[in-house]
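Subject: The model you were waiting for

Hello,

Here is the structure for you to open alongside this email. Please have a look at it first, and then read on.

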Amino acid sequence: MSKQKILIVDDDTNISELISLYLIKECFETKTVEDGESALIAFHSFKPDLILLDLMLPGMDGYQVCREIRRESQTPIIMLSAKGEVFDKVLGLELGADDYIIKPFDSKEMVARVKAVLRRTGRQQDIPASPSEKIVRLPDLTVNLTNYSVTYRGENLEMPPKELELLYFLASSPNQVFTREQLLDHIWGYEYAGDSRTVDVHVKRLREKLKDNANWRLATVWGIGYRFEVKNR
């Protein structure tokens with residue numbers, strides 16, 4: 001079985017070499033680059049399974065690199081930000097980052113985050129496929145969590161993993177109200193606790209892609225959270 005590839009983008013060679021060392025120890029193949037332009041070149045030549053992307057880079061910054069990659073690919077991206085740097089988590093999420101880590105970080109936490117994102121995006125090789133497919137089927141909409149695909153009105157929709165997981169979670173419990181805190185806890189876990197804007201950003205993006213349907217809609221329950229409203233059910 002071929003090793004999974006991690007692209008490390010950081011202008012601090014000491015940090016990138018240290019990250020590389022820990023990931024190689026966990027049987028990943030790594031490549032390190034020091035600036036945004038090199039990151040885009042390496043993205044096409046190295047074809048990584050995941051990218052660890054520093055926010056502050058010479059020339060093209062991490063936000064710009066993330067934006068460029070998201071124009072053509074849903075390859076998982078974890079953003080790295082030094083403590084004290086102005087890091088807009090919501091902007092990072094809006095651009096399509098899957099997670100973020102604040103430096104300095106514990107090496108075990110970093111490896112765990114990498115594996116968790118790979119697992120969520122269906123790229124983790126040592127996780128066996130579920131014997132029962134996780135699929136929600138509604139008029140005009142099919143959400144498949146097993147292979148991370150969404151079909152809307154007969155067409156495949158490109159959707160980052162977190163958006164898809166949120167849509168599946170809500171659609172698989174029709175008409176049930178969930179608070180933002182419940183959604184944060186289930187989809188993002190403890191590291192996003194208290195940041196309800198994260199949920200709002202993803203719901204907004206889902207609405208832009210799906211629009212309202214005659215049979216169902218993603219409804220806001222004011223003062224509480226959201227529910228996937230299905231008619232005649």
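Below is what I found in it, going from the whole chain to single residues.

This is a predicted model, so local features need pLDDT of at least 70 and side-chain atom pairs count only at pLDDT 80 or more, while totals for chains, interfaces and linings use all residues. Residues are numbered from 1 along each chain as its sequence is written, and side-chain values use heavy atoms, with hydrogens and water left out.

**The chain as a whole**

The chain has eight helices and 12 strands. Both are DSSP runs numbered from the N terminus: helices are H or I with at least four residues, strands are E with at least two. Of the 233 residues, 51% are buried. Here buried means under 20% relative accessible area, exposed means over 50%, and partly exposed is in between (1.4 Å probe, protein chains only). The chain exposes about 11800 Å², and carbon and sulfur atoms supply 49% of that area. Accessible areas come from the Shrake-Rupley method with a 1.4 Å probe, and for residues only the protein chains shown count as cover. Among contacts with a separation of 6 or more, 58% are between residues 24 or more positions apart; contact means heavy atoms within 4.5 Å.

**A three-stranded sheet**

Three strands form an open, antiparallel sheet in the order β10-β12-β11. Its edge strands are β10 (178-179) and β11 (216-221), each of which pairs on one side only. Two strands pair if DSSP finds at least two bridges between them, and β10 pairs with β12 (residues 225-230) over two bridges. Phe178 has Tyr226 in β12 as its bridge partner.

Val221 lies in β11 and counts as buried because its relative accessibility is 16%. Leaving aside neighbours within four places in sequence, Val221 is in contact with Val177, Tyr226 and Arg227. Val221 and Phe178 are 43 residues apart in sequence and 8.8 Å apart in space, C-alpha to C-alpha.

**Salt bridges**

The structure holds 13 salt bridges, each defined as a side-chain nitrogen of Lys or Arg within 4 Å of a carboxyl oxygen of Asp or Glu. One of them joins Arg227, the contact of Val221, to Glu229, with the closest N and O atoms 2.9 Å apart. Arg227 is partly exposed at 26% relative accessibility, whereas Glu229 is buried at 17%. Elsewhere, salt bridges that share partners join Asp10, Asp54 and Lys103 into one network.

Two other pairs may interest you. Glu68 and Arg71 have their closest N and O atoms 2.8 Å apart; Glu68 is partly exposed at 29%, and Arg71 is exposed at 61%. For Glu208 and Lys204 the corresponding distance is 3.9 Å. Both of these residues lie in helix α8 (residues 197-210), four residues apart, about one turn of the helix. Glu208 is partly exposed at 45%, as is Lys204 at 49%.

**Cysteines and a surface patch**

How many disulfides does a search of the whole structure find? It finds zero, taking a disulfide as a pair of cysteine sulfur atoms within 2.5 Å. Cys27 counts as exposed at 51% relative accessibility, and Cys66 counts as buried at 0%.

Leu18, Leu21 and Tyr22 make a nonpolar surface patch of about 290 Å². Patches are made of residues with over 30% relative accessible area and no salt bridge; like charges are joined within 9 Å and nonpolar side chains (Val, Leu, Ile, Met, Phe, Trp, Tyr) within 5 Å. Leu18 lies in helix α1 (residues 13-25) and is partly exposed at 44%.

**Backbone points**

Most residues other than glycine have a negative phi, and most peptide bonds are trans. The peptide bond from Lys103 to Pro104 is cis, with omega near 0°. Pro104 sits in the loop between β5 (99-103) and α5 (107-120), and Lys103 belongs to the network with Asp10 and Asp54.

Asp140 has a positive phi, near 75°. Asp140 lies in the loop between β6 (135-138) and β7 (141-144) and is partly exposed at 38%. Arg153, also not a glycine, has a positive phi of about 50°, and its place is the loop between β8 (149-152) and β9 (155-157).

Best wishes
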